Amino acid sequence: MAESLKVSTMADYVAQGDSPEILFWVGCAGSFDDRAKKITKAIVKILNHVKIKFAVLGTEESCTGDPAKRAGNEFLFQMQALNNITVLNGYNVKKIVTGCPHCFNTLKNEYPQLGGNYEVIHHTQLVQQLIDSGKLKVQGGNFKGKKITFHDPCYLGRANEVYEAPREVIQKLDVELAEMKRSRAKGFCCGAGGAQMFKEAEKGNKEVNVERTEEALSLNPDVIATGCPFCMTMMTDGVKHFNKEQQTKVLDVAELIAQANEL
């Protein structure tokens with residue numbers, strides 16, 4: 001197990017006079033949130049399994065600045081972004097994979113105007129590419145024949161129009177992919193975006209995540225799949241709200257692949 005979670009830092013590669021193919025941007029949630037750490041491990045297992053040379057920044061990685069920007073603190077965002085860009089450009093990073101759509105969107109669309117130009121892909125896109133190229137063989141495992149619904153993260157779907165990659169990956173598991181009424185371009189937020197994750201709910205008669213989870217649970221799925229640590233928190237809390245933890249699991253697409261392949 002320890003071997004399968006082997007992770008090198010960019011500093012390690014530089015010390016060896018080498019460079020990785022991909023930088024894995026872990027993100028704050030993937031680094032510090034106990035539930036999201038499991039997603040990080042699943043992504044690492046997949047990367048190691050296909051023998052991609054990848055690295056993380058480790059302690060040199062800082063928040064992309066997404067929550068600060070969404071909350072209206074542009075000054076703090078630019079400070080965080082410029083620090084990260086200095087580190088990334090110092091290592092001559094070309095390609096980044098992220099486990100979080102918020103990091104993905106910020107690095108891809110907002111860093112270029114500050115001097116950070118990289119090829120940025122979401123982990124579901126990377127997994128799809130690995131399957132399409134034949135580097136990753138996927139079997140259904142214990143998910144075969146199960147019903148899975150995919151919740152589109154806002155910053156993956158509507159903000160960047162990545163709809164097919166996660167769905168194609170899920171369908172490789174030989175499952176029934178059930179779509180919610182509000183999906184793809186008409187997707188509905190989990191309630192955590194725009195820095196809402198870090199503040200108390202405003203007045204109203206229903207929490208956004210409860211509304212979204214209700215919609216997912218109406219399909220009676222075995223699994224609610226997502227591709228974002230924020231969505232993971234909100235949908236998990238929603239499932240708990242309805243006391244459905246035994247019937248319906250909330251899993252990231254990377255976790256589905258790692259578990260099905262017994263990585």
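Contact, a term this tour relies on, means heavy atoms within 4.5 Å. Helices (H or I, at least four residues) and strands (E, at least two) are DSSP runs, numbered from the N terminus.

The model in your viewer is predicted, so local features need pLDDT of at least 70 and side-chain atom pairs count only at pLDDT 80 or more, while totals for chains, interfaces and linings use all residues. Residues are numbered from 1 along each chain as its sequence is written, and side-chain values use heavy atoms, with hydrogens and water left out.

**The whole protein**

Begin with everything shown as a cartoon, where the protein has 11 helices and 9 strands. The radius of gyration (taken over C-alpha atoms) is 18 Å, close to the 18 Å that the globule rule gives for 263 residues, so the protein is as compact as a globular protein of that length; the globule rule is 2.2 Å times the number of residues to the power 0.38. Along its principal axes the C-alpha trace spans about 55 × 45 × 30 Å. Of the 263 residues, 51% are buried, where buried means under 20% relative accessible area, exposed means over 50%, and partly exposed lies in between (1.4 Å probe, protein chains only). Among contacts with a separation of 6 or more, 77% are between residues 24 or more positions apart.

Now pick residues 22-25 and 54-56, which are strand 2 and strand 3, paired in the parallel sense over 2 bridges. Which residue of strand 3 stands opposite Leu 23? The residue to look for is Ala 55.

**Charged pairs**

Side chains of opposite charge can pair when their charged atoms come close. The structure holds 17 salt bridges, a salt bridge being a side-chain nitrogen of Lys or Arg within 4 Å of a carboxyl oxygen of Asp or Glu.

Show the side chains of Arg 70 and Glu 110, which meet in a salt bridge (2.9 Å, N to O). This pair links distant parts of the chain, since Arg 70 is in helix 4 (residues 66-70) and Glu 110 is in helix 6, 40 residues apart. Arg 70 is partly exposed at 22% relative accessible area, whereas Glu 110 is buried at 13%.

Move on to Glu 211 and Arg 182, whose side chains meet in a salt bridge (2.9 Å, N to O). Glu 211 lies in helix 9 (residues 208-217) and Arg 182 in the loop between strand 7 (176-177) and helix 9, so the pair ties together parts that are 29 residues apart in sequence. Within helix 9, select Glu 215 and Arg 212, which lie 3 residues apart, about one turn of the helix, and whose side chains meet in a salt bridge (3.4 Å, N to O). Is Arg 212 buried or exposed? At 0% relative accessibility, Arg 212 counts as buried. Finally, show Arg 182, Lys 206, Glu 211, Arg 212, Glu 214 and Glu 215 together, as they are linked in a network of salt bridges.

**Strand 8 and its partners**

Select strand 8 (residues 223-226), from which Val 223 and Ala 225 point one way and Ile 224 and Thr 226 the other way, and all are buried. Strand 6 (residues 147-150) pairs with strand 8 in the parallel sense over 3 bridges, and Phe 150 stands opposite Ala 225. Strand 9 (residues 249-252) runs parallel to strand 8 and is joined to strand 8 by 4 bridges, with Ile 224 opposite Val 250.

**A last stop at Thr 124**

End in helix 7 (residues 123-132), the place of Thr 124, which counts as buried at 0% relative accessibility. Not counting residues up to four places away in sequence, Thr 124 touches Leu 156, Ala 165, Pro 166, Val 169 and Val 253.

Key
Pairing = 2+ DSSP bridges.
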